[in-house]
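User: I am new to this structure and would like to learn how its features are read. Could we begin with the packing of helices?

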Amino acid sequence: MAEKSSAAHDVPASLAHPVAPDQARLDAATSTFRMLSDPTRLHILWLLTHGEADVTALIESSGASRTAVSQHLAKLRFTGLVDTRKDGRRVIYRIRDGHLARLVGEGINHADHVVTGEPSHE
């Protein structure tokens with residue numbers, strides 16, 4: 001088994017799952033990455049890392065059409081990446097869990113390094 005980096009020791013147990021990936025975990029991760037591969041869906045998820053939002057707020061913030069946002073939210077909800085709750089007649093969306101929020105954030109942080117040329121770091 002590979003040795004953990006010292007940074008991994010600082011991660012709370014609830015955030016780290018030191019399990020070798022079996023086929024079920026690889027398939028689940030691949031499914032998640034597939035859902036993150038669309039720029040509009042990724043933008044919606046990034047917006048939801050900053051808090052809950054309804055469709056109108058997501059349309060305004062993302063610049064995508066109502067139809068596109070609604071379709072992407074349906075896919076995200078179907079695959080379990082977002083949850084909803086009702087607030088009167090409005091449906092409020094939120095990102096499912098902290099692992100996904102951190103994954104989205106790290107993807108955007110990585111992209112920032114790629115775009116700006118900033119050196120990589122641990």
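Analyst: Two packed helices are described by the angle between their axes and the distance between the axes. Here, the axes of H3 and helix H5 (residues 66-78) cross at roughly 75° and come within 10 Å. H3 is therefore roughly perpendicular to H5 (65 to 115 degrees counts as roughly perpendicular, under 35 as roughly parallel, over 145 as roughly antiparallel, and the rest as oblique). The axes are lines fitted to C-alpha atoms, for helices over the stretch in contact, and angles between N-to-C directions run from 0 to 180 degrees. The model is predicted: local features need pLDDT of at least 70, and side-chain atom pairs count only at pLDDT 80 or more, while totals for chains, interfaces and linings use all residues. Residues are numbered from 1 along each chain as its sequence is written, and side-chain values use heavy atoms, with hydrogens and water left out.

User: Which residues make the contact of H3 with H5?

Analyst: Contact means heavy atoms within 4.5 Å. On the H3 side are Thr40, Arg41, Ile44 and Leu45, and H5 contributes Val69, His72, Leu73, Lys75 and Leu76. By class, this contact of H3 with H5 has 5 nonpolar, 2 polar and 2 charged residues (Ala, Val, Leu, Ile, Met, Phe, Trp, Tyr, Cys and Pro count as nonpolar, Asp, Glu, Lys and Arg as charged, and the others, Gly among them, as polar).

User: At what angle do H3 and H4 pack?

Analyst: Helix H3 (residues 39-48) packs with helix H4 (residues 55-62) at about 115°, and their axes lie 10 Å apart. H3 is therefore roughly perpendicular to H4. Their crossing is right-handed (the near helix is turned clockwise from the far one by less than a right angle; anticlockwise is left-handed). His43, Ile44, Leu47 and Leu48 of H3 make the contact with Leu58, Ser61 and Ser62 of H4. These residues divide into 4 nonpolar, 3 polar and no charged.

User: Which residues of H2 and H6 meet?

Analyst: In H2, Thr32, Phe33 and Leu36 meet Leu100, Leu103 and Val104 in H6. This contact has 5 nonpolar residues, 1 polar and no charged. The two helices pack at about 50° with axes 12 Å apart, so H2 and H6 are oblique to each other. The crossing of H2 past H6 is right-handed.

User: How much space lies in the largest pocket?

Analyst: A pocket is an open set of points on a 1 Å grid over the protein atoms alone, where a 1.4 Å probe fits, with protein on both sides within 12 Å along at least five of seven lines; lining residues have an atom within 4 Å of a point. The largest pocket holds about 780 Å³ of space. It has 21 lining residues, of which Leu15, His17, Ala29, His99 and Leu103 are the closest to its centre. H2 (23-36) and H6 (98-116) each supply at least two residues of this lining, and H2 gives the most, with 6 residues. The lining comprises 12 nonpolar, 4 polar and 5 charged residues.

User: What lines the second largest pocket?

Analyst: Its lining consists of Glu106, Asn109, His110, His113, Ser120, His121 and Glu122. None is nonpolar, 5 are polar and 2 are charged. About 150 Å³ of space lies in this second largest pocket.

User: How many helices and strands are in the protein?

Analyst: The protein has 6 helices and 3 strands (DSSP runs of H or I with at least four residues, or of E with at least two, numbered from the N terminus). Along the sequence, the pattern is α-α-α-β-α-α-β-β-α.

Technical notes:
Grid points are joined across faces, edges and corners, and a volume is the space filled by probe spheres set on the points.
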